[in-house]
Amino acid sequence: MSEPRPTPAIVLVGEAHLHAMLREFTHRYGQDYALHPCNLEDFIDTVLELKQGGVPIAMVGAEFNLGEHTAAHLFHKLQVKLPTARRLVLVPREEFRASLEPLRASLA
């Protein structure tokens, strides 16, 4: 009999809003995915640990503002390491308007 496949992972990367992100994702996806919250500093270690363990990473959700960097910067680096993982930029409602122009620029 073959070993069961590991539960796919969703990695959440955040700073100021990580707890709110985890709460929302737990409510929506917690039954079907293993959630792995981390800050930007721990992100690479989290991804490497999951990949080494054979855990498929289905999605990376990142807070748009990550200190000096943005989610777009993170996702650009991710393209090579996790080409099939869905990428989701999360912007808090109160920061949405101010984030529109930088979001548009990152898509160009």
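Mentor: We shall take the helices in turn and then the pockets. Please keep in mind that this is a predicted model.

Trainee: How does the end-to-end distance of α1 agree with its number of residues?

Mentor: The general idea is to compare the span expected from the residue count with the distance between the end C-alpha atoms. The 12 residues of α1 should span 16 Å at 1.5 Å a residue, and the end C-alpha atoms are 15 Å apart, which agrees. The helix α2 can be read in this way too: its 13 residues reach 19 Å from first C-alpha to last, close to the 18 Å expected at 1.5 Å a residue.

Trainee: Which residues of α1 are buried, and which are exposed on the other side?

Mentor: Here one works from relative accessible area, with buried meaning under 20% and exposed over 50%. In α1, the buried residues are Leu-18, Met-21 and Phe-25. They lie on the same side of α1, because the arc they cover around the axis is only 60°. The other side of α1 has His-19, Arg-23 and His-27 exposed.

Trainee: What do the buried residues of α1 pack against?

Mentor: Their partners are the strands β1 (9-13), β2 (34-38), β3 (57-63) and β6.

Trainee: Which residues of α2 are buried, and what do they pack against?

Mentor: Phe-43, Thr-46, Val-47 and Leu-50 are the buried residues of α2. Their arc around the axis is only 95°, so they are on the same side of α2. Exposed on the other side are Glu-41, Ile-44, Asp-45, Glu-49 and Gln-52. The packing partners of the buried residues of α2 are β1, β2, β3 and α3.

Trainee: Where do the buried and exposed residues of α3 lie?

Mentor: Ala-71, Leu-74, Phe-75 and Leu-78 are buried in α3. They cover an arc of only 95° around the axis and are therefore on the same side of α3. On the other side, His-76, Lys-77 and Val-80 are exposed. The buried residues of α3 pack against α2, and also against β1, β3, β4 (65-66), β5 (69-70) and β6.

Trainee: Let us turn to the pockets. What is the volume of the largest pocket, and which element supplies the largest share of its lining?

Mentor: A pocket may be described by its volume, its lining residues and the elements that supply them. The largest pocket has a volume of about 290 Å³. Both α1 (18-29) and β6 (86-90) supply at least two residues of its lining, and α1 has the largest share, with 6 residues. Among the lining residues are His-17, Met-21, Phe-25, Glu-63 and Leu-88.

Trainee: What is the volume of the second largest pocket, and which element gives the most to its lining?

Mentor: Its volume is about 250 Å³. Two or more lining residues come from each of α2 (40-52) and α3 (71-81); α2 gives the most, with 6 residues. The lining includes Phe-43, Val-47, His-69, Leu-74 and Leu-78. It divides into 7 nonpolar, 2 polar and 3 charged residues.

Trainee: Finally, is Arg-5 buried or exposed?

Mentor: Arg-5, in the segment before β1, has a relative accessible area of 79% and is therefore exposed, given the cut-off of over 50%. The C-alpha atoms of Arg-5 and Val-55 are separated by 8.2 Å, although these residues are 50 residues apart along the chain.

Terms used:
Residues numbered from 1 in each chain as written. Predicted model: local features only at pLDDT ≥ 70, side-chain atom pairs only at ≥ 80, totals over all residues. Heavy atoms only, no water. 1 Å grid on protein atoms, 1.4 Å probe; cavity = no way out; pocket = protein on both sides within 12 Å on 5 of 7 lines; lining within 4 Å. Points joined across faces, edges and corners; volume = space filled by probe spheres on them. Helix = DSSP H or I, 4+ residues; strand = E, 2+ residues; numbered from the N terminus. Nonpolar A, V, L, I, M, F, W, Y, C, P; charged D, E, K, R; others polar. Expected span 1.5 Å × (residues − 1). Buried < 20%, exposed > 50% of the residue type's maximum accessible area, 1.4 Å probe, protein only. Arc of directions from axis to C-beta. Contact = heavy atoms within 4.5 Å.
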